[in-house]
Amino acid sequence: MLADLKKVVGREFVFTDPQWELPAYNDAYLTTPAELHQPSAAVAPANVEELQRVLEVARHYKAPLWTISTGKNFAYGGPAPRKAGYIVLDLKRMNRILEVNEKHGYAVVEPGVSYMDLYRHLQKIGSKLWVDCAAPGWGGVLPNMTEHGVGYTPYGDHVTMQCGMEVMLADGTLVQTGMGALPGSQTNHLYKYGLGPSVDGLFTQSNFGVVTKIGMWLMPEPPGYRPYMVTFEKESDLHAITEVLRPLKVNMLIPAVAMTVEMLWEAAVQVTRRDYYTGKGPIPESVRKKMRSDLKIGAWNFYGALYGPPPMMDNTWEVIHDAFASIPGAKFYFDEDRAKDDVAWQYRKKLGAGIPNMTEYNVMNWIPNGAHMDFSPISPVTGADATKQYELIRDRCNKAGFDYCGEFAVGWRDMHHIFCLTFDRNDAKQKARANKLFGELVDAAAAAGYGEYRTHVDFMDRIAGTYNWNDSALLRMHEKVKDVVDPSGILSPGKMGIWPKSMRKGKA
Ligand SMILES: Cc1cc2nc3c(=O)[nH]c(=O)nc-3n(C[C@H](O)[C@H](O)[C@H](O)COP(=O)(O)OP(=O)(O)OC[C@H]3O[C@@H](n4cnc5c(N)ncnc54)[C@H](O)[C@@H]3O)c2cc1C
C-alpha cells in the first residue's frame, strides 16, 4: 500500500520513520500510552487530484485514514489518530489562499492555511480585512472551523462565519455545497444555504468527507478598536459577572466573544507555579492573593472590546461600565492602564483584533513538563450555571490534586467553559490521575445536563455516549449516514464516536 501511496504523492510525502517522522503525528499531551495513537504512516497530497487517488488506494486496501489539516489540535489530541495503525492524511500541502474578496469581505482557503498565513497574506496585499483567530495562531482557518472552534473578535463563532464549502467524499466525488452547486453562481461565499437541505454541518466534527476548501467571512477593519479589561475581587463574583454580561451580549453591546478568565489562567501565561508555591496540591488562598496583587489581576478577569466610530464606542462604554460597576470592587482598564510587559493583557489585546500569536501556549509553563487537555462543557449564560459548573469542576480538580485553571467564553446565546487541565507529561501517576479526573468530569457534567462542545481523541466515545437521548437516536443516525457515505469505513473511524460498520464492535 505504501508503494501505491508513494506513486501518488512522491516518496518524500509518505512518512513512515517511527523515530524521526511519526512522533510528529502523535499527541504530545496524552494521558494514555502513546502506542495507543501511534499512526503507521502519514501521507500528504498536494491537491485534490492527489487526494482523490489517495482515497482510491485507501479504499482498495480498506485502510483507515485520519484527516488533519494544519495538525495543531493540541488539548484535544493534536494530530494523533483515534487508534494506532491509522494512516494520517495530512493536508498541510494544500495551503493556497484562493481568493480574498475585499468588496464582500471574505477569503477562500484550502485546508493547510494557518491563521498566521492568512494574516500575513492580508498584510502583504494591504487588505483592510481582519482574520479572526483561535488563540494559537498556528492553527488552521479551515480545520478550526470544522472543529467548531472559537476566536475573539465579533467574528469569533467560526462555523457561523463559514460560507461555501468544497468536500471530497470517500468515493472521491467532489461536492460543492450551498450556492456552489449552481454552475456560474456569484454567491457561493455570500449566501450559506443554496437550495434544499443545508449539509455543511455534516462535515464538521465528522468523518463523512474531507473538506478541501471553504469560504470564511472576514471582518472589515473597524474605524476604532478599544479593548478593555474589568477585574473582580471575589471568587463568588462569577455569578454576578455572568448575570450582568448576558443582556450586554444578547443586545450586542459586547459584539465579540466575551471572556471571563479565572486568575490562574492569567497568572500561568506570565509566571510559573514554582515562582509562588512549591508545596503539593492546589495553591492556597494566601498565595493566590499575593499573585493577584503582584500581577494586578482579579479573582476573575473580564475581557471585551469596543469596535466602531469613537462616539459610538464612548456611548457603548457608558452602558458597559455602569453595568459592571454594579459589582462591588470592579476595576476598569484600557490599554493605557496596563503595562507594556503585561503578557496576559497584550495577547488578549491582539486576539481581539485578530492578530495571531502563540502567547497562550505559555499556560503550559505553569508546571515543569506542562501539558494539558481541555474539558469544555457548554451551558446557558446564567450566574447559576457558571457557578455550578465552576464548583463542579474546581472541587473535583482540587480533590485530584490539580489547580483549577479555566475561563468562560460567551457567544451569541451560549457559554463555553474551558477548563485547562494541566499536568506533568513526564509523570505517569499524574497523567493517570488527570485521565481519571477527566472521565469523572464528563459523567458529572452529563448528570447535571451539560455536554462538551468538542473533545480529546481519548474521550470521543465516552462523550458521544452522553448525547444519548431517545436510545442514542442521533448517534444511530450518524452511523447510518456513515455507512452510506463511507461504506469502506476509510475516513477517520471513531471521530466523535462515529465508527464505520466494520469497526463498531471494536470501539475502545
Ligand atoms: C493553549 C491552547 C489554546 C487554545 N485556544 C483555542 C482557542 O482559542 N480556540 C479554539 O477553537 N481552539 C483552541 N485550542 C485548540 C486547538 O489548538 C485549536 O482549535 C486549533 O486550531 C486546532 O488545530 P488545527 O487548526 O491545526 O486543526 P487540525 O489539527 O488540522 O484538525 C483538527 C481536527 O479537525 C478535523 N479536520 C481537519 N481537517 C479536516 C478536513 N480537511 N476535513 C474534515 N475534517 C478535518 C479532524 O478531525 C482533525 O482532527 C487551543 C489549544 C491550546 C493548546
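**Helix pairs and a cavity**

Tutor: Helix α1 (residues 2–9) and helix α2 (residues 48–61) have axes that come within 9 Å and cross at roughly 170°. This is a predicted model, where local features need pLDDT of at least 70, side-chain atom pairs count only at pLDDT 80 or more, and totals for chains, interfaces and linings use all residues. Residues are numbered from 1 along each chain as its sequence is written, and side-chain values use heavy atoms, with hydrogens and water left out.

Student: Why are α1 and α2 called roughly antiparallel?
Tutor: Angles run from 0 to 180 degrees between N-to-C directions, along lines fitted to C-alpha atoms over the stretch in contact. Angles under 35 degrees count as roughly parallel, over 145 as roughly antiparallel, 65 to 115 as roughly perpendicular and the rest as oblique. The α1 and α2 axes cross at roughly 170°, and therefore the two helices are roughly antiparallel.

Student: Which residues of α1 and α2 meet?
Tutor: Asp-4, Leu-5, Lys-7, Val-8 and Val-9 in α1 meet Glu-50, Arg-53, Val-54, Val-57 and Tyr-61 in α2; contact means heavy atoms within 4.5 Å. These residues divide into six nonpolar, no polar and four charged. Here Ala, Val, Leu, Ile, Met, Phe, Trp, Tyr, Cys and Pro count as nonpolar, Asp, Glu, Lys and Arg as charged, and the others, Gly among them, as polar.

Student: What makes α6 and α10 roughly antiparallel?
Tutor: The axes of α6 (residues 238–250) and α10 (residues 310–325) come within 9 Å and cross at roughly 155°. That makes α6 roughly antiparallel to α10. Their contact is made by Ile-241, Val-244 and Leu-248 of α6 with Val-319, Ile-320, Ala-323 and Phe-324 of α10, and it divides into seven nonpolar, no polar and no charged residues.

Student: How do α12 and α13 cross?
Tutor: The axes of α12 (residues 383–399) and α13 (residues 428–447) come within 10 Å and cross at roughly 150°, and these helices are therefore roughly antiparallel. Leu-392, Ile-393, Arg-396 and Cys-397 of α12 contact Leu-437, Leu-441, Ala-444 and Ala-445 of α13. By class, that contact has seven nonpolar, no polar and one charged residue.

Student: What makes a space a cavity?
Tutor: On a 1 Å grid over the protein atoms alone, it is a set of points where a 1.4 Å probe fits but cannot get out; lining residues have an atom within 4 Å of a point. Of its 15 lining residues, the closest to its centre are Tyr-152, Tyr-303, Gly-304, Arg-348 and Gly-352.

Student: Which element gives the largest share of that lining?
Tutor: The largest share, five residues, comes from α11.

Terms used:
On a 1 Å grid over the protein atoms alone, a cavity is a set of points where a 1.4 Å probe fits but cannot get out, and a pocket is an open set with protein on both sides within 12 Å along at least five of seven lines; lining residues have an atom within 4 Å of a point. Helices (H or I, at least four residues) and strands (E, at least two) are DSSP runs, numbered from the N terminus.
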